[in-house]
Amino acid sequence: MKNLSNKTAIITGSARGIGKDIAKKFSENAANVVIVDIIQDEINKTVKSLKKFNPNVIGIKCDITSENEVQNLVENVIEKFGSIDILVNNAGITKDKLLIRMKLSDWESVLKVNLTGTFICTQKVAKIMMKQRHGKILNISSVVGITGNAGQSNYSASKGGIIAFTKSIAKELAPRNINVNAIAPGFIETEMTEKLPAEIQQKYLESIPLNKFGKPHDIAELALFLCDNNSDYITGQTIVIDGGMI
Ligand code: NAP
């Protein structure tokens, strides 16, 4: 039997990048997988590629900052699969600027997607998981939520907020047998990091003892462990996966 047989997983921001690899790993492990993202064409491409591993992969277009859209998402998933066993809050954006150049809109949009979006999805899905009396919630934070980073005060604040949110919700939901954990990745090769200038990428590389960037599948392996039954006694934790960087 595969690790996630009969489990239904919602993964936000999973049309590409780290979320897509988590969706692939979960599909290979027999989960019913819901790809959530905001661009329909990208969702369709990802669903098509993952159906090779598992017919029970569906895509739902949903902006995680909209309470109505997330409520519809949850209702559609329950109608289709009957339960929600796993939520991976992975969708995230960056709008990097030094503090003195940062517009209020840069601050607000990053906090809105990364932190408020995580709150909305967690609240709506937790209602289902509390009734089921089981569930796994995994939040994708970042090492900069622990260390801070010049030029990323909005992003770092959102990712640090996710760590504190994870600890609080883990305490609230533990009596209902729901585990809540976070992963704090270092530098992972995706479109989010591709857009950084070459000299910044080189600077990051020099700070990584293992002397290489991470790949999305590194995060997917840990995500599988934190969402299957092997991690049933772990909750409220943030696991750093960064090649030794911090
Ligand atoms: P990515 O390639 O940019 O993927 C993020 C996905 O989230 C995109 O498909 C994006 O859609 C989607 N998204 C954005 N806003 C959304 C919204 N409102 N509702 C639903 N989906 C939305 O990023 P990634 O590198 O895979 O990162 C995934 C997560 O890991 C993020 O939370 C990121 O902060 C975190 N992380 C990444 C790294 C890294 O080195 N890559 C390191 C630490 C943490 P669009 O098509 O609109 O962009």
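Which backbone N or O atom lies 2.7 Å from an oxygen atom of the ligand? I found one in Ile 188. I count this as a polar contact (a pair of N or O atoms within 3.5 Å).

Before going on, I noted that this is a predicted model, where local features need pLDDT of at least 70, side-chain atom pairs count only at pLDDT 80 or more, and totals for chains, interfaces and linings use all residues. Residues are numbered from 1 along each chain as its sequence is written, and side-chain values use heavy atoms, with hydrogens and water left out.

I found a backbone N or O atom of Asn 90 at 2.7 Å from a ligand oxygen atom.

**Shell.** I looked up 27 residues around the ligand, where near means a heavy atom within 4 Å. Arg 16, Asn 90, Tyr 155, Ile 188 and Thr 190 come nearest. I sorted the shell into 14 nonpolar, nine polar and four charged residues, with Tyr counted as nonpolar and Gly as polar.

**Helix packing.** I checked H1 against helix H2 (residues 40–50): their axes come within 10 Å and cross at roughly 30 degrees. That makes H1 roughly parallel to H2, since angles under 35 degrees count as such. Helices here are DSSP runs of H or I with at least four residues, and axes are lines fitted to C-alpha atoms, with angles from 0 to 180 degrees between N-to-C directions.

Conventions
Polar contact = N/O pair within 3.5 Å; in protein donor to acceptor, adjacent residues only side chain to side chain. Helix = DSSP H or I, 4+ residues; strand = E, 2+ residues; numbered from the N terminus. Parallel < 35°, antiparallel > 145°, perpendicular 65-115°, else oblique.
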